[in-house]
Amino acid sequence: MKNVDDLIESAQALAERGFSRGEIADELNVSRETASWLAERNGAAPAAEPDVEPAGGPHDIHVDWSALGRDSARLSYVGQAMADLLSKQGEAVDLT
């Protein structure tokens, strides 16, 4: 896990390169509010108003994918779902 200082540096570097708050959020896998907070933590300038997500917008969540690997039935279901999705792609799939 990255420490907060590393995330702040990464967010500031992306902001300096012209990334929007949404792009920073996508790049760092955090919410837009978190990306705004990280990008504005430079120590000298006061924080501006953060970008506000519309009500019901996406928020950071945690998914414990290891629960899939502990159950062979779950792995089978996920494999079937992936195979179904890939079958709809035809020849467009290069690598699975």
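Colleague: Why is Asn29 called exposed and not buried?

Modeller: In this predicted model, Asn29 has a relative accessible area of 66%. The term exposed applies to values over 50%, so Asn29 is classed as exposed.

Colleague: Why is Val63 described as partly exposed?

Modeller: Val63 has a relative accessibility of 41%. Buried requires a value under 20% and exposed a value over 50%, with partly exposed in between; Val63 therefore counts as partly exposed. Val63 belongs to the loop between helix H3 (32-39) and helix H4 (66-69). Together with Ile61 and Trp65, Val63 makes a nonpolar surface patch of about 390 Å².

Colleague: Why is H1 called oblique to H2?

Modeller: The axes of helix H1 (residues 4-16) and helix H2 (residues 21-28) cross at roughly 140° and come within 10 Å. Roughly antiparallel would need an angle over 145 degrees, and roughly perpendicular one of 65 to 115; H1 is therefore oblique to H2. The crossing of H1 past H2 is right-handed.

Colleague: How many helices and strands does the protein have, and what share of its residues is buried?

Modeller: The protein contains five helices and zero strands, giving the pattern α-α-α-α-α along the sequence. Of its 96 residues, 19% are buried.

Terms used
Residues are numbered from 1 along each chain as its sequence is written. This is a predicted model: local features need pLDDT of at least 70, side-chain atom pairs count only at pLDDT 80 or more; totals for chains, interfaces and linings use all residues. Side-chain values use heavy atoms; hydrogens and water are left out. Patches are made of residues with over 30% relative accessible area and no salt bridge: like charges are joined within 9 Å, nonpolar side chains (Val, Leu, Ile, Met, Phe, Trp, Tyr) within 5 Å. Accessible areas come from the Shrake-Rupley method with a 1.4 Å probe; for residues, only the protein chains shown count as cover. A salt bridge is a side-chain nitrogen of Lys or Arg within 4 Å of a carboxyl oxygen of Asp or Glu. Helices (H or I, at least four residues) and strands (E, at least two) are DSSP runs, numbered from the N terminus. Buried means under 20% relative accessible area, exposed over 50%, partly exposed in between (1.4 Å probe, protein chains only). Axes are lines fitted to C-alpha atoms, for helices over the stretch in contact, and angles run from 0 to 180 degrees between N-to-C directions. Angles under 35 degrees count as roughly parallel, over 145 as roughly antiparallel, 65 to 115 as roughly perpendicular and the rest as oblique. A crossing is left-handed if the near helix is turned anticlockwise from the far one by less than a right angle, and right-handed if clockwise.
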